[in-house]
Amino acid sequence: MTQSQAFRTLASTRVLPQILAAALLGLFIVYGVGFAPVSAVHNAAHDVRHGVAFPCH
Amino acid sequence: MFTRIALAALVAGLLAGGVVALAQTVGTTDLILAAEAFETATDSHDDTWAPADGFERFAATAGADLVTGIGFAFLLVSAFALRGRPVGWRNGILWGLAGFAVFSALPALGLPPELPGAAAAPLAPRQLWWLLTVAASGVGLGALAFAKPSLWKVAGVVLIALPHLIGAPVPDTHGGLAPATLVETFVLASLATAAVFWLVLGAVAGVAYDRLGPRSA
């Protein structure tokens, strides 16, 4: 069984770059809030980092 | 497609993030503040900007909640689009449960939510373990749910289990500055908040994604 048969329910490849771009944007945002090692960002998002259980400190 | 994902993610992320901002205000944030009272003696604050306690801190937290909501929403709606089928609120809730498992419950098995002042292993290995666990859980759960060949499903289960077989980075000494009852309450409050977030996000995103799609039939 080929990969395309295994995942034939997936979206058409035409829109794949756009989906990838949206997913990367999501990753970038989550990284910014949860992981960015900038002190001011850490301090602003501090209670969220703890609340969402991102590793913090 | 990008516009559709972005609009659905904005609507669902702002709504679910707003719910979390309210929930945290009456839930985890109070516990964080209580824990910080135990921590002040040992804490090493530097000179960088931090929101002042009170409204400024609430506003910073609420803002970060909205941004976090939008970020997770982009990831979830991208997964909808990759799947390429209508979602609706029922399936949206299932997707939300999956998001809760991938981003919250499974990482929490190794790295439970932590109050300030808790004893913990160095930050970098914990962040790495968290990221790898989320990635492995996401791919594993995806294979388990959508792959046809059973070998892929088995691989999915192995992927989900793998980070926990390796084990999360643990501190040399356990415990922390906050009392154990406070820690337990915080873990429950944090996980409950995350569960509500993902259920709201999934349901709203599922409806929004469908509504924003091309009109067919």
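**Entry 1: chain A.** I looked up burial first: 35% of the 57 residues of chain A count as buried. I note that the model is predicted. I then listed the secondary structure of chain A and found four helices and zero strands. Read from the N terminus, the elements of chain A follow the order α-α-α-α.

**Entry 2: chain A against chain B.** I examined the contact of the two chains, in which 32 residues of chain A meet 51 residues of chain B. On the side of chain A that touches chain B, two or more residues each come from α2 (16-34), α3 (39-44) and α4 (46-52) of chain A. I recorded α2(A) as giving the most to this side, with 11 residues. By residue class, the side of chain A that touches chain B holds 23 nonpolar, eight polar and one charged.

**Entry 3: a helix pair in chain B.** I turned to helix α5 (residues 123-146) and helix α6 (residues 150-166) of chain B, which pack at an angle of about 160° with their axes 8 Å apart. Angles over 145 degrees count as roughly antiparallel, and α5(B) and α6(B) are therefore roughly antiparallel to each other. I noted the crossing of α5(B) and α6(B) as left-handed. I listed the residues that make the contact: those of α5(B) include Trp129(B), Leu132(B), Ala136(B), Gly140(B) and Leu144(B), and among those of α6(B) are Trp152(B), Lys153(B), Gly156(B), Ile160(B) and Pro163(B).

Technical notes:
Residues are numbered from 1 along each chain as its sequence is written. Chains are lettered from A and ligands numbered from 1 in the order in which they are written. This is a predicted model: local features need pLDDT of at least 70, side-chain atom pairs count only at pLDDT 80 or more; totals for chains, interfaces and linings use all residues. Axes are lines fitted to C-alpha atoms, for helices over the stretch in contact, and angles run from 0 to 180 degrees between N-to-C directions. Angles under 35 degrees count as roughly parallel, over 145 as roughly antiparallel, 65 to 115 as roughly perpendicular and the rest as oblique. A crossing is left-handed if the near helix is turned anticlockwise from the far one by less than a right angle, and right-handed if clockwise. Two residues are in contact if their C-beta atoms, placed from the backbone, lie within 7 Å. Ala, Val, Leu, Ile, Met, Phe, Trp, Tyr, Cys and Pro count as nonpolar, Asp, Glu, Lys and Arg as charged, and the others, Gly among them, as polar. A residue is buried if 20 or more other C-beta atoms lie within 10 Å of its own, exposed if 12 or fewer, and partly exposed in between; C-beta atoms are placed from the backbone.
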